Amino acid sequence: MGEAIVCPADSPPAHCLAAGRPLLYDTADPAITEWATLDPGAVWLRTSGARSLLAVPLLAQGNTLGVALFGRHRDREPFGPEDLRLAQEFTAKAAAGIHEARTYSRARTTTMALQRSLLPHTLPDQGALEIATRYLPAATRAGVGGDWFDVIPLSGARVALVVGDVVGHGIRATATMGRLRTAVRTLADVDLPADELLTHLDDLVLRLAADEGSSDPAAETAGGIGTTCLYAVYDPISRHCTLARAGHPPPAVVTPDGAVRFLDVPAGPPLGLGGLPFEAVETELPEGSLLALYTDGLFEARDHDIDEALDKMFAALVRPAKSLDSVCDRVLTELLTHRPDDDIALLVARTRALHEDRVASWELASENTVVSRARHHASAQLSAWGLEEATFTTELMVSELVTNAIRYGRPPIRLRLIHQGNTLGCEVYDSSGTTPHMRRARIFDEGGRGLLLVAQLAERWGTRHDRVGKTVWAEQTLAPG
């Protein structure tokens, strides 16, 4: 495998490949005798004592894949027309098999390359969770599937965790996975609640199915109908985790006291059915809790039942380990005795907490004179954190965000600063549901520059809607101290 075979120009294989048709030789021919003596690849012809040689090209889909050589022992009659017919039949079947194998290999390589490009290459820098992941592609001829995972930093030091499973295998399932992962990131970026995010994702799968079904009515997995997804958002300040799932297996959690269980998250329908609701639940997770999100391929091994697999997973999660990578490896080792028949995505996360000394908040009156007081609060808090170099920028952002809340929002108004690692977040909440928009201010306009200034000063900014009201936030990256 992989070695180059050199055929001398006057050898039977070379003549056969050039002619593209079967050729019959008598091994007593001096040219054949010389070739059998000099070419290491023809030693078999000399040692077997063959008296007749048949060279037949391997042809498939208009391509010549190689040449097959048949030798007839000296005690038998030389090759005849019937032998030629059988040889061509054999080589045609062999060529078809080789062509199919090469096509499958190329398709699998292409699909895996596409999938690797669509999955996260590195985990984002965030402080809310310690995370380790594993992805194992299926070992079946059906091809690589559409399992995926993602880690998405959100505003307010929160982090979203996503695990999903697209129906089917091959490049179509992988492409659908890429679309859905991009959609989840886009919907997460506008801070949709978990249940609303899945509803929008469900609509997207329906549209994909309609588009693909119109062009290919026989497609069994059009658009990824039946795709499952689990979406979770963890807040290290409140230590609350909000989860919703669309037909996906529930996550497992191990608390610091060693108790292990599945989180009771309503299953919800798989994506693509349409018209059915999703329900989100919120649970408090103590600092140091372990979350395990996975796809169903983890439990589809042939040699044990589901109850046994669950017991093994729980035991692997509970046992102390040096790192989360060790936990991932242990789970896979316990549950898999061979390459999986379906793709497996596994994401293990340990919760961290952002304590009160890293968060400061103030209730503000809805009057213009409070803006200077808000700047003073921010300046004093940054001094307490030893972040004096960020005071000027932060005061500007606080002024603009608080002023906008007073002018266009409704009380109550709250200012919050969050210091996590090398990130400083500034948030202003008001009870109005109106979303602010950045606009171009003309030369003589007195307003319209506030959000433009915030966008220039911040690393990223946005609006997060709550059940009542909204929060306008901005984050800046601090210089290493």
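How many salt bridges does the structure hold? There are 17 salt bridges, a salt bridge being a side-chain nitrogen of Lys or Arg within 4 Å of a carboxyl oxygen of Asp or Glu. Before we look at some of them, a word on the model. It is predicted, so to speak of local features pLDDT must be at least 70, and side-chain atom pairs count only at pLDDT 80 or more, while totals for chains, interfaces and linings use all residues. Residues are numbered from 1 along each chain as its sequence is written, and side-chain values use heavy atoms, with hydrogens and water left out.

**The chain as a whole**

The chain has 11 helices and 18 strands; these are DSSP runs numbered from the N terminus, with helices (H or I) of at least four residues and strands (E) of at least two. Of its 481 residues, 46% are buried. Here buried means under 20% relative accessible area, exposed over 50%, and partly exposed in between (1.4 Å probe, protein chains only). The accessible surface of the chain is about 24,000 Å², and carbon and sulfur atoms own 53% of that surface; the areas come from the Shrake-Rupley method with a 1.4 Å probe, and for residues only the protein chains shown count as cover. Among contacts with a separation of 6 or more, 66% are between residues 24 or more positions apart, a contact being heavy atoms within 4.5 Å.

**Salt bridges**

| Pair | N to O distance |
|---|---|
| Glu-89 and Lys-93 | 3.7 Å |
| Asp-191 and Arg-158 | 2.6 Å |
| Glu-363 and Arg-414 | 3.6 Å |

Glu-363 sits in strand E14 (residues 359–364) and Arg-414 in strand E15, so this pair ties together parts that are 51 residues apart in sequence. Glu-363 is exposed at 55% relative accessibility, whereas Arg-414 is partly exposed at 34%.

Asp-191 and Arg-158 are both buried. Glu-89 and Lys-93 both belong to helix H4 (residues 81–118), where they are 4 residues apart, about one turn of the helix. Glu-89 is partly exposed at 33% and Lys-93 exposed at 57%. The two also take part in a network of salt bridges with Glu-82 and Arg-85.

**A helix pair**

Helix H10 (residues 391–408) packs against helix H11 (residues 450–457) at an angle of about 145 degrees, and their axes are 9 Å apart. Axes are lines fitted to C-alpha atoms, for helices over the stretch in contact, and angles run from 0 to 180 degrees between N-to-C directions. Residues of H10 including Leu-396, Met-397 and Leu-401 meet residues of H11, among them Leu-453, Val-454 and Leu-457.

**Backbone features in loops**

Most residues other than glycine have a negative phi, and most peptide bonds are trans. Gln-61, in the loop between strand E2 (50–60) and strand E3 (63–73), has a positive phi near 55 degrees, and is exposed at 65%. Arg-239 also has a positive phi, of about 60 degrees; this residue lies in the loop between E7 and strand E8 (240–246) and is partly exposed at 26%. Pro-411 and Pro-412 are joined by a cis peptide bond with omega of about 0 degrees, and Pro-412 is in the loop between H10 and strand E15 (413–420).
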